[in-house]
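Hi there,

Here is the model I promised to pass on. Have a look, and my notes follow below.

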Amino acid sequence: MSDHQQNKTQRNNEQKIQLDEHSSSPSLASGGRGSIPPSEQQPAMRSVAINPAASQHRTLLFNPPLKRVDPGTTAMAPLKTTMPTSTAKQPPQYVDTRPMITRKSLSDPLIGAATKWNVQHSNLKARPSPTPTTPCALPPPQKCTSRLVKHTSADIISGRIAMTLQARSIKAKYCKSAAKCRTLDFVKFYIRLYVVPGDDGGVLVELQRVSGDYLSFMYDCRAILDAAEGKDVVMESNEYNSKAMYLRLPVSQMSFACNDDIVLEHDLKTTQDEEDIINITSELLSSPQSDSNMLGMESLVSLVDANLTSKSTAILAAKRLVCTRHESGNGPFSLHNYAMSLIIYEDDHENDDDDDSSLEEDATSLSMKVSLNRSIAEHTRRLRTHALMALSNALDLLNSEKILCDTISASKEWYASVLIPSLIDNVKSASSKPYDATLAARCLTSLAMCSKVFASTMKNSEGCKNAGGGGGCLSALESAGQIGRDEFELLLRDVERCQSTLLGC
């Protein structure tokens with residue numbers, strides 16, 4: 001570099017130093033003799049941009065301080081409340097603190113210890129990859145059913161998922177790093193947690209559907225994955241299953257059902273037409289084929305629901321369900337006897353599906369082999385749940401129409417001595433069958449609202465056959481309410497409603 005260029009560079013540096021000194025002078029602000037021409041003024045943030053020490057005093061962009069968590073340890077690291085002194089660029093690591101649908105914030109560091117599923121980060125394994133010697137049955141993770149959660153330990157993620165499952169009334173069984181779940185729509189799926197190695201890794205949350213409706217599965221899958229990330233999950237204030245997923249309005253309130261001017265080709269004009277529809281369901285239930293029986297029970301649940309069929313058809317089907325053969329003209333096949341036998345008598349294979357010994361093997365294995373006994377147990381359990389669902393819908397419909405007492409007047413003794421104790425037994429089985437206990441509590445509520453005799457029978461009932469002789473209906477409701485508070489939100493709502501009904505009688 002020539003002497004002329006060195007002198008020019010030195011003069012430029014001296015001018016920059018003079019500009020910084022004059023920028024704090026009052027004469028510059030007042031436009032006096034020492035003021036600098038406008039063309040030579042420097043940006044207002046120049047002193048901050050070239051001075052690293054000054055940038056540490058500007059907390060505007062970092063207020064409040066970022067919370068930092070080390071996901072590589074099982075215990076939560078202390079939260080850092082001061083800015084690092086290093087000037088090297090480091091990407092900030094955020095911990096979401098937005099509120100969730102549950103009573104406890106899902107960003108609470110103690111959330112993992114407060115739930116039933118507390119997965120230790122050090123126990124997580126990497127997702128198995130297929131190799132020539134050990135082919136993997138699991139397909140690659142799908143974007144719609146998996147989510148990579150970074151900068152959050154596994155115990156917090158598992159706690160968020162467990163609380164979301166409780167709020168959505170999804171029955172779950174947990175092992176080390178997997179959960180086996182069953183929804184209200186009989187959708188079965190697994191939740192697995194894997195560690196992603198690397199400095200920028202995290203926890204991979206993956207859901208795998210085993211059986212059931214795909215749309216219903218995705219409805220819950222999105223909510224679970226959002227909750228795993230700490231996002232807000234909005235639940236409607238009404239009951240989870242009070243509305244059909246594919247309907248926006250009850251059938252009885254739709255225009256074609258309310259407008260007399262509209263004539264449909266298959267319009268039900270007489271009571272005989274409505275009975276023919278119910279007889280089709282009876283034929284399915286009387287069939288020796290198991291798949292026909294399942295289709296018939298699903299049809300029966302829809303027939304007694306005024307949201308899914310016309311009210312007149314629903315009332316007629318409900319009467320045939322709650323009445324005996326001679327009172328309702330059931331014909332050669334009795335809907336009442338078929339449904340009540342499923343509710344009262346427990347099948348020997350029904351508990352085979354609740355075997356906890358094979359839970360960890362099933363949830364962590366890459367194949368999904370189902371034994372014959374478990375298939376039979378699943379089929380029987382679904383039939384029984386559908387029967388309870390149909391009975392609860394029928395009792396609620398007839399009670400809302402103020403005709404329940406007159407409809408079952410000749411069978412009150414049978415209801416008080418046989419059905420009510422069986423329903424109490426279902427409530428006492430809430431730990432293993434929370435949805436059945438929920439439906440049984442709904443039936444008890446309708447019966448207690450119908451007759452004070454039924455309410456008195458419930459309050460004075462002694463220990464029943466499946467509870468080891470301990471406590472009556474109120475004691476069973478209290479125990480079921482605690483289970484619902486911890487695991488099954490829908491059970492808690494119906495139990496509290498039943499308790500208030502019995503105490504008010």
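How many of the 10 residues of strand β5 (residues 202–211) are buried? Seven are, so the strand is mostly covered; buried means under 20% relative accessible area with a 1.4 Å probe, protein chains only. Before going on: this is a predicted model, where local features need pLDDT of at least 70, side-chain atom pairs count only at pLDDT 80 or more, and totals for chains, interfaces and linings use all residues. Residues are numbered from 1 along each chain as its sequence is written, and side-chain values use heavy atoms, leaving out hydrogens and water.

Strands here are DSSP runs of E, at least two residues, and helices are runs of H or I, at least four, numbered from the N terminus. Two strands pair if DSSP finds at least two bridges between them. β5 runs antiparallel to β1 (residues 146–149), joined by four bridges, and Arg 147 stands opposite Val 205. β5 also pairs with β4 (residues 188–196) in the antiparallel sense, over nine bridges; there, Phe 189 has Arg 209 as its bridge partner. Five residues lie between the strands of the β4 and β5 hairpin, where Gly 198 takes a positive phi near 115°.

Now the cavities (on a 1 Å grid over the protein atoms alone, sets of points where a 1.4 Å probe fits but cannot get out). The whole structure has three of 30 Å³ or more, a volume being the space filled by probe spheres set on points joined across faces, edges and corners. α18 (434–450) gives the most, three residues.

Best wishes

Terms used:
On a 1 Å grid over the protein atoms alone, a cavity is a set of points where a 1.4 Å probe fits but cannot get out, and a pocket is an open set with protein on both sides within 12 Å along at least five of seven lines; lining residues have an atom within 4 Å of a point. Buried means under 20% relative accessible area, exposed over 50%, partly exposed in between (1.4 Å probe, protein chains only).
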